Amino acid sequence: MTLIMLGPPGAGKGTQAAVLSEKLGIISVSTGHILRTAVKEQTPVGLEAKKYMDQGLLVPDETIIDIVKDFLAGCGAGKGCILDGVPRNIAQAEMLERLGVTIDAAILLNVGDKEIEDRMSGRRFCPKCGAGYHVKALPPKIEGICDVCGEGLAIREDDRPETVRRRLEVYHRETEPIIGFYASRGKLISIDGTASIEETTEKVVKALEMVQ
Ligand code: AMP
């Protein structure tokens with residue numbers, strides 16, 4: 001089963017992808033995480049991507065295509081995968097189709113801009129293993145420390161308020177049109193993303209049962 005997580009930044013795509021990955025036994029891939037790792041390791045892709053990411057802009061499609069081709073090779077061998085963070089525009093959605101990726105469902109998590117701005121201020125992440133947390137909604141067991149690997153947690157550069165506003169603008173302009181793209185293919189599952197993590201997962205799992 002291949003799923004796409006859709007929704008504004010901070011809607012909970014990464015969190016739900018991690019939970020679903022565990023429940024369904026399929027891997028989850030986040031382009032944002034891959035890019036952040038490249039930035040940290042200062043690879044050529046990372047150095048190029050950082051210029052866009054720090055401003056809340058999308059990284060050019062040519063860079064994303066190479067990343068996607070790389071991880072799809074790994075997904076094909078398994079039972080499918082959950083794509084978190086890609087596609088981000090119509091060109092990337094068309095690219096996935098051209099690469100022969102069959103999408104079973106695109107899960108849209110609906111959350112309004114005001115709530116997103118509030119949520120993002122509490123987000124934390126582990127710079128070592130990429131695990132995501134939230135000071136209120138998903139706190140680590142020990143404040144400021146990653147449950148998985150014990151590293152100190154950090155705030156993403158692109159979670160600063162002015163960058164969050166830019167990312168929301170980019171989402172509405174470039175990413176939102178994909179909702180129609182998958183709706184027209186009968187693949188869209190639209191979920192209220194404002195409830196608790198557990199309630200949201202429950203709604204997603206119920207909706208997916210209809211797909212299978
Ligand atoms: P995310 O962790 O998905 O919110 O992604 C963080 C940042 O990485 C985004 O604001 C973009 O700058 C970049 N990014 C992640 N995925 C993509 C993608 N599919 N296309 C373009 N840029 C992306």
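# Close-up views of a predicted model

**View 1. The second largest pocket.** The second largest pocket has a volume of about 360 Å³. This model is predicted. A total of 19 residues line the pocket. Nearest its centre lie R36, T37, V39, K40 and F125. Sorted by class, the lining holds 7 nonpolar, 3 polar and 9 charged residues.

**View 2. Helices at the second largest pocket.** Two helices to find here are α2 and α3 (44-53). Each of them supplies at least two residues of the lining of the second largest pocket. Which element gives the largest share of this lining? Helix α2 does, with 5 residues.

**View 3. The shell around the ligand.** There are 16 residues around the ligand. Those that come nearest are T31, R36, L57, G85 and R167. By class, the shell divides into 7 nonpolar, 4 polar and 5 charged residues. Which helix gives the most to this shell? Helix α2, residues 31-40, gives the most, with 4 residues. Helix α2 also gives the largest share of the lining of the second largest pocket.

View 4. Start with T31. One of its polar side-chain atoms lies 2.8 Å from a nitrogen atom of the ligand. Now find Q92. An N or O atom in the Q92 side chain is 2.9 Å from a ligand nitrogen. Then look at R88. Here an N or O atom of the side chain is 3.0 Å from an oxygen atom of the ligand. How much of the ligand's accessible area does the protein cover? On its own, the ligand has 480 Å² of accessible area, and the protein covers 96% of this.

**View 5. H134 in a strand.** H134 sits in strand β6, which spans residues 132-134. Is H134 buried or exposed? Its relative accessible area is 15%, so H134 is buried, as the cut-off for buried is under 20%. A polar atom of the H134 side chain lies 3.2 Å from the backbone nitrogen of A137.

**View 6. L96 in a helix.** L96 belongs to helix α5, residues 90-98. Why does L96 count as buried? L96 counts as buried because its relative accessibility is 1%. Now compare L96 with I145. These two residues are 49 apart along the chain, and their C-alpha atoms are separated by 36 Å.

**View 7. L99 in a loop.** L99 lies in the loop between α5 and β4 (105-110). L99 has 35% relative accessibility, so it counts as partly exposed. Partly exposed is the class between buried, under 20%, and exposed, over 50%. Pair L99 with I65. They are 34 residues apart in sequence. In space, their C-alpha atoms are 9.9 Å apart.

**View 8. A cis peptide bond.** The peptide bond from V86 to P87 is cis. Its omega angle is near 0 degrees. Where is P87 found? P87 is in the loop between β3 (81-84) and α5.

**View 9. Q42 and its positive phi.** Q42 has a phi near 55 degrees. This is a positive value in a residue other than glycine. Q42 is placed in the loop between α2 and α3. Is Q42 buried or exposed? Q42 counts as exposed because its relative accessibility is 57%, and the cut-off for exposed is over 50%.

Terms used:
Residues numbered from 1 in each chain as written. Predicted model: local features only at pLDDT ≥ 70, side-chain atom pairs only at ≥ 80, totals over all residues. Heavy atoms only, no water. Near = heavy atom within 4 Å. Polar contact = N/O pair within 3.5 Å; in protein donor to acceptor, adjacent residues only side chain to side chain. Areas by Shrake-Rupley, 256 points an atom, 1.4 Å probe, with all protein chains shown as cover. Nonpolar A, V, L, I, M, F, W, Y, C, P; charged D, E, K, R; others polar. 1 Å grid on protein atoms, 1.4 Å probe; cavity = no way out; pocket = protein on both sides within 12 Å on 5 of 7 lines; lining within 4 Å. Points joined across faces, edges and corners; volume = space filled by probe spheres on them. Buried < 20%, exposed > 50% of the residue type's maximum accessible area, 1.4 Å probe, protein only.
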